[in-house]
Amino acid sequence: MPEITSIQSQARQQSEASIGQPITRTDGVLKVTGAATYAADNHPAGMLHAAMAVSSIAAGRVTGLDIEAAKAHPGVVDVMTPDHRPKLFKDPDERDDPFMFRLDLLQNDRVRYPGQPIAVVIAETLEAATEGAALLKPEYETETPLVGLDAGEAFVPDGVGPGEPAESGVGDIEAGLAQATRRIDATYDTSAQYHHPMEPHAIVASWDGDTLTLDTPSQAMTIARSRVAGLFGIDADHVHIRSPFLGGAFGCKGMILSPQALGIMAARLVGAPVKLVVRREQMFGPVGHRAPTRQRLELGMDDAGHLTGLSHHVRTSSSVFDDFFEPAASVSHTLYASPAIATTYEGVRVNTGTPLFMRAPGEATGSPALESAIDEAAEACGMDPLAFRLANYAEVEPISGKHFSSKRLRDCYAQAAERFGWAGRNPQPRSMRDDDGLQVGWGVGTATFPVVMFQGHARALIRADGSGLIETGAQDMGQGAWTALAQIGADSLGLALGHTTFRAGASDLPDAGVAGGSGHTATAGNAIHNAGRDALDKLAELASADPASLLHGADRSELVARNGRLHWRGHEARSESYRDILNRAGLSEIEGSGTGSPDQAAQEQFAMHAHGAVFAEVKIDPDLGQIRVTRLVGAFAAGRVINPRMVESQLFGGMVWGVSFALHEHASVDRRTGRVTNADLAGYHVPVNADVPSIEAISVHEDDTHINALGVKGVGEIGITGTGGAIANAIWHATGIRVRRFPIGIEDLLGRA
Ligand code: MOS
């Protein structure tokens, strides 16, 4: 298991806190030198390779597989099918919590979606396994698949997202809309999208009796561990997951999905360690996606430009066998003050893999629709889009009626607008051109994301040599979590970063909760903060009780930890090193433990969100309709900044995904077959460097004393919100065309200008 000791001991860190320093990634050298081992880099002795065969139809039955042909291929060891697989101890179609999803583990011959695993070939080499899988040549009995948002009868889902109500609201929406003097009624479509981290799902599974060791990327090792234990009928303590590095995740590695479970089954079947890596095109099926949405926004305004009603209705799809409904309307609960708000949903079932949490689930889809509608409302009222947003600023959260724990959105608007130069905008659409004759458009979108915290734990050690150790099973998806958490750890122990070892990324360490919901730093960080404080409390107690100590008799509240010493406040001459205190007590180390979890009382009292404002400039070729985003300026208030460099790059990342949502990402689903027709990264576009403009992300200072002890909110996902809408609104400003579907393409502009 990697241990990361920061090699950066810049002088300033000897005397100042680590928190707030823009240090580079502590695991950066490991990554750029190839020394960081990702799951699939682990090759235990005797390891075999597994390849999945997946369904090419969307609905029906598998009636034949040429198992003999696959087995005859040199190097093929075995072929796992519904008739030949290890026993499972839990029905993969059972589910008992919102973070558990139904799996396809060869339980029968049914096909429920395209790309569903239907067999696994195990071989001595990857090539043999892959060829063996190709030789299976499945035969099917095909049924007509359910495809698209109009596939079948709509119903009101039992819940949306991780169990939110499908209907919420405040006030009388009919009356609110009826009393309006101006109205917007617009419908926005968003596409199916697939997560596509650079590292696909991968697993190396090794059984030793009833003990299972897994190398697999995981955003939530404890959840994964109990899921695996349940499926295989073993004790959760017998499942050891190592996940030190992830090549991205975006939500799809939040839980064990079918391919990982199949890798474990394959290892059980052949009695040897097995590696299974999902191929890129196989990522379009069994590992989740963002469902398409169709969102109807009805807004009513009075003559003064105040909202009188806001209705946000979402139609979205889930699979034919499981429930996950993209919670696209939740953004309307919190952002704009309206006396009447209604958010409602309808679901349809289609032959697709089950959708999942993906990059700001709900907000990512809802924000571009709401922010577009808000812009249309501003236009209907003859108001500047920013002025309209300020006129409808919610001082308390509209649906819950709660005050915000803190809200610096006005500062976000002001700082980003100033930096962008919004005051120079000509309000007329189609009024701005650059020197090359390109149409120029400026747009704004409001960003918001809830403050999510899970429960996490950490352990902290102060050792007799004066060094520290922090342990927590935290997951680093690439965002820099190890770095930020190590900074918190060093400060929690009153040590320089270079004197603190940080150990994470394994399920045998204290559970750090979920690296998701933008809540990992808040969760694991507060656990670490409390663990360090607990260790220091014990150390202070030792010193205070020791008549030989200079700190004898000191009250804990008077002792300050700094640079490996405890100082008695008000008695400048009185301080002692950790080393001396421990050595005198004859101890080799002292241990503390801590938990990070949401403060229920504060949560009941306050609405907790991060906020932001994003301004976008686009340039559009008036003849070709080609759209380029040329400038993005965002300002975000997300609580305390642990590491400004990591925070900025997280915000950049989110804003790039916003560009992606607005202009690129689109899984094209064949209406007849239900298959994704662009199932590779050549056809499924994400922004590349040439698509990414100049981006600025301003962190707006915010002290939120209610959310948690560290004051950390979260920056993982908020950048994607606001950005998509800002770009759509800039496109309108450039062209005068309101495009109401995402991603926006040339075809939406050509011939309409
Ligand atoms: Mo994320 S969709 O919270 O991993």
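Leaving aside its neighbours within four places in sequence, which residues is D78 in contact with?

## Basis of the model

This is a predicted model, in which local features need pLDDT of at least 70 and side-chain atom pairs count only at pLDDT 80 or more, while totals for chains, interfaces and linings use all residues. Residues are numbered from 1 along each chain as its sequence is written, and side-chain values use heavy atoms, with hydrogens and water left out.

## Surroundings of D78

Beyond the neighbours within four places in sequence, D78 is in contact with K71, H84, V120, V121, I122, L269 and V270; contact means heavy atoms within 4.5 Å. D78 belongs to strand β4, residues 76–80. Strands (E, at least two residues) and helices (H or I, at least four) are DSSP runs, numbered from the N terminus.

D78 is buried but has no salt bridge. Buried means under 20% relative accessible area, exposed over 50%, and partly exposed in between, with a 1.4 Å probe and protein chains only. A salt bridge is a side-chain nitrogen of Lys or Arg within 4 Å of a carboxyl oxygen of Asp or Glu. The nearest side chain of opposite charge to D78 is K71, 4.1 Å away; Lys and Arg count as positive and Asp and Glu as negative, whereas His and the chain ends are not counted.

The side chain of D78 does have a polar contact of 3.0 Å with that of H84. A polar contact is a pair of N or O atoms within 3.5 Å; within protein, one must be able to donate a hydrogen and the other to accept it, and residues adjacent in sequence count only if both atoms are side-chain atoms.

## Salt bridges

Side chains of opposite charge can pair when their charged atoms come close. The whole structure contains 45 salt bridges. One of them joins E346 and R315, with the closest N and O atoms 3.2 Å apart. E346 lies in strand β16 (residues 341–350) and R315 in strand β15 (residues 307–319), so this pair links distant parts of the chain, 31 residues apart. R315 counts as buried, at 13% relative accessibility.

R738 and D375 form a salt bridge of 3.5 Å, N to O. R738 is in the loop between α16 (723–735) and β31 (741–742), and D375 is in helix α8 (residues 363–380), so the pair ties together parts 363 residues apart in sequence. R738 and D375 are both buried. These two residues also belong to a network of salt bridges that links E371, D375, E379, R389 and R738.

K713 and D704 are joined by a salt bridge of 3.5 Å, N to O, and both residues are buried.

## Backbone features

The peptide bond from F742 to P743 is cis, with omega near 0°. P743 is located in the loop between β31 and α17 (746–749).

A360 is not a glycine, yet has a positive phi of about 60°. A360 sits in the loop between β16 and α8 and counts as buried, at 0% relative accessibility. R430, also not a glycine, has a positive phi of about 65°. The loop between α10 (409–420) and β18 (432–433) holds R430, which is partly exposed with a relative accessible area of 42%.
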